[in-house]
Amino acid sequence: MSNLKPAEIVKELDKYIISQDRAKRSVAIALRNRWRRRQVSEGLRDEIAPKNIILIGPTGVGKTEIARRLARLADSPFFKVEASKFTEVGYVGRDVESMVRDLLEVTVNILKSREQDTVKEKANLIAEERMLDLLLPKSQEDVTVKPEDTKEVQFEIVKEDKVQETSSTREKLRRMLRNGKLDTRYVDLDVSDRSMPVVEIFSNVGMEEMGINFKDMLGGLMPKGKKRRKVKVPEAMEILAQEEAQDLVDMDKVVKNAIEMVEQSGIIFLDEIDKIAGKDGGHGPDVSREGVQRDLLPIVEGSTVPTKYGSVRTNHILFIASGAFHMCKPSDLIPELQGRFPIRVELDSLSRKEFERILTEPKNALILQYKALIKTEGIDVVFNKDAITEIAKVAEDVNNSTENIGARRLHTLMECLLEDILFDAPDLQVKNIVIDGNYVNDKFKDIKDDEDLSRYIL
Ligand SMILES: Nc1ncnc2c1ncn2[C@@H]1O[C@H](COP(=O)(O)OP(=O)(O)OP(=O)(O)O)[C@@H](O)[C@H]1O
Ligand SMILES: [Mg+2]
């Protein structure tokens, strides 16, 4: 688990997210607290519950982005769900417990592939032996010697000791295999046939609620589908190594570690929590929203969720909820749930100043993205400073005059601004394009001032 200091966490987030300092601070503290808790002596450790957070802010100001970046930093099990996806237990749809199961599933998969990486070398060695078994016929008569091999093999046949003979042939083959001399040869390989279409249909339809994985269950009952295929040597090596790696991984250990990680440092990001808040306006299934909130309570508070890998305690999972809360307030959530999210952080809505920075500063800044895209056609695009200023200004204006969609506006603007270049790029003669304030103004002049038009286009 990451042991970054809060200031370091904020600094990392700063690389991708502009402003929103308060939100960054509180998620940084929450993350550091997980680490702190683990240093506390055992008796007290269990008593320290995570302080769940609600991020509140208009659309497109970086709520999800903060969570996404945080997850990468934290190296903790992380899972993001839309609260609006859930339905109350007993209704068709996903029940809230599934998020814990999903979190565990993700973690198991990550740990499994990490474990497979560590046994890779060993797996490769075993795969090599199996490959040699495939390549080396049982009896000497079967040896199909290619012309260039002849000399050495004849030399070997002269030898008395048969065992030594085969083993030296084997070593020779091994060398050829390693040097890629056999890359064009084919071998017969039993490839396990993974497609089980019938089973595929079942999964996800409610059954998963029981935490039963149909594939696993039926996989045991049905004969393992194996198909004999002719495969080229390099591909066969890969398949064999993969199989061996899977066999070498101690799944019990992986599962145990995954459960431990989820319980101790898991983070669940509950997006769109405002969608399950508030009184329904008379239409739509009223039962569902409040029901979902009620179902959420025990999970957030701490309960035991059964999964196919074993039960998971949710007491120390950190929940970060987020929502725009346009139509309702956090106080429209049922009181019990409000109480379980003690930290509220409001994100600021973004204006011209931030837009300028968002366009250029983040590591994945939009301007950089478009420059790189157009560069693939051999064209260098330069954005002058006044162009950036103009784009930010237009973004703010359009956000004010139509709908405020925050930084997402920049995406639509950039696409519109560069449309001609993006379309014509492969055939353009000029290899350097400078975009300045005038260019931007020309592009947006007609659209911007016409509110109806900008509603449709920008
Ligand atoms: N403060 C910011 N700094 C950098 N980029 C940002 C910022 N805010 C938003 N963006 C960009 O805008 C896009 C949308 O942001 P994000 O997904 O975080 O919105 P959100 O706050 O979750 O909105 P919603 O309530 O609609 O889910 C992202 O792709 C992100 O790159
Ligand atoms: Mg979002």
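**Sheet and ligand shell**

Strand S1 (residues 53-56) pairs with S9 in the parallel sense, over 4 bridges. This is a predicted model: local features need pLDDT of at least 70, side-chain atom pairs count only at pLDDT 80 or more, and totals for chains, interfaces and linings use all residues. Residues are numbered from 1 along each chain as its sequence is written, while chains are lettered from A and ligands numbered from 1 in the order in which they are written.

**The sheet**

- Strands here are DSSP E runs of at least two residues, and helices are H or I runs of at least four, numbered from the N terminus.
- Two strands pair if DSSP finds at least two bridges between them.
- An open sheet is formed by 5 strands, in the order S2-S5-S8-S1-S9, with parallel pairing.
- Strand S2 (78-82) and strand S9 (343-346) are the edge strands, each pairing on one side only.
- From one strand to the next, the twist averages 20° (axes are lines fitted to C-alpha atoms, for helices over the stretch in contact; angles run from 0 to 180 degrees between N-to-C directions).
- Ile53 has Ile343 as its bridge partner in S9.

**The ligand**

- Around ligand 1 stand 18 residues (C-beta atom, placed from the backbone, within 6 Å); the closest are Thr59, Gly62, Lys63, Thr64 and Ala407.
- Helix H4 (residues 63-74) gives the largest share of this shell, 3 residues.
- Domain 1 (6-113 + 257-346) and domain 3 (352-457) each supply at least three shell residues; the bounds come from an automatic or database domain assignment.
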